[in-house]
Amino acid sequence: MAMTDFSTTSIVELATLVAEHLHSHGIEVVLVGGLAVEIYTENLYLTKDIDMVNINYQAPAKIHAAMLELGFHKKGRVYVNESTDISVEFPSPPLSVGDELIKSTTKLTIANRSIPILKVEDVVKDRIAAYIHWSDKQSLIQAAAIILKHKLKPKMFRQFCEVEGSPDDYSLLEKLCEQASKNRLSTMMELESVLTELLIRRL
């Protein structure tokens, strides 16, 4: 019988447990979204949502049956379980960031369980795309937080910014990372105040 009480299970542990359970049913998933951001920012950003893309295109009914075994039932677009306030969602495939299809991923191993996850640079691109397409400022802050935490170079993302959006989007990301780095800022709140200042200057 699969475990169904997750009241003491952390979100990362739960994600690995769900991924391994789905894998045992022939359902392959990759972790994306907010939890990937939480992992790569080392908890600067926190979420209660697990987003996983099913990359081998299994029928929704098959995923549904596997999730029911873990005590998760569907409520709108997400799967919920009474023992935890963490929800699980399966965004539609294909696995992509903006208009770019993802060809390779990496693995995260926690307490002998593993879960496929987007590579760090693809999580940054995913957040940049959310800013460009939905004007979601928090997503740009998350992108910058990951860049700073992993000592990535903003120029790695120049082409992506320009293809998805415009040179202005890249220059905003670059300035945000430069100022944060120069002033040794790392919290989401500090990054938000720098971004707000940069956006005001553009008005």
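This is a predicted model: local features need pLDDT of at least 70, side-chain atom pairs count only at pLDDT 80 or more; totals for chains, interfaces and linings use all residues.
Student: Let us start with α8. Does its length make sense, or rather, what span should its residues have?

Tutor: Helix α8 covers residues 188-202, and at 1.5 Å a residue its 15 residues should span 21 Å. The C-alpha atoms at its ends are 21 Å apart, which agrees.

Student: Which residues of α8 are buried?

Tutor: The buried ones are M188, L191, V194, L195 and L198. Seen down the axis of α8, the buried residues fall within an arc of 130°, so they line one face of the helix.

Student: And what do they pack against?

Tutor: The buried residues of α8 pack against α5 (137-149) and α7 (167-182).

Student: Which residues are exposed on the other side of α8?

Tutor: M189 and I200 are exposed there.

Student: Changing topic: where is D51 found?

Tutor: D51 belongs to strand β2, residues 49-54.

Student: Is D51 buried or exposed?

Tutor: D51 is buried, yet it has no salt bridge. R127 is the nearest side chain of opposite charge, and it is 6.3 Å away. A salt bridge would require a nitrogen-to-oxygen distance within 4 Å.

Student: What does D51 touch, then?

Tutor: Leaving aside residues up to four places away in sequence, D51 touches V30, L31, V32, G33, G34, E89 and P91.

Student: Where does R127 lie, and what does it touch?

Tutor: R127 lies in helix α4, residues 120-134. With a relative accessibility of 11%, R127 counts as buried, the cut-off being under 20%. Beyond four places in sequence, its contacts include G33 and G34, as well as S139 and Q142.

Student: On to the strands. How do β3 and β4 pair?

Tutor: Strand β3 (residues 73-75) and strand β4 (residues 78-81) pair in the antiparallel sense over three bridges. K75 stands opposite V78 in β4. The two strands form a hairpin with two residues between them, and G76 in the turn has a positive phi of about 70°.

Student: What about β4 and β5?

Tutor: Strands β4 and β5 also pair in the antiparallel sense, over three bridges. N81 has T84 in β5 as its bridge partner, and a hairpin joins β4 to β5 through two residues.

Student: Last one: where does P94 lie?

Tutor: P94 lies in the loop between β5 (84-89) and β6 (96-97). P94 is partly exposed, with a relative accessible area of 41%.

Student: Which residues does P94 touch?

Tutor: Not counting residues up to four places away in sequence, P94 touches V53, Y57 and L101. P94 and V53 are 41 residues apart along the chain, and their C-alpha atoms are separated by 7.6 Å.

Terms used: Residues are numbered from 1 along each chain as its sequence is written. Side-chain values use heavy atoms; hydrogens and water are left out. Helices (H or I, at least four residues) and strands (E, at least two) are DSSP runs, numbered from the N terminus. The expected span of a helix is 1.5 Å times one less than its number of residues. Buried means under 20% relative accessible area, exposed over 50%, partly exposed in between (1.4 Å probe, protein chains only). The arc is that of the directions from the helix axis to the C-beta atoms. Contact means heavy atoms within 4.5 Å. Lys and Arg count as positive and Asp and Glu as negative; His and the chain ends are not counted. Two strands pair if DSSP finds at least two bridges between them.
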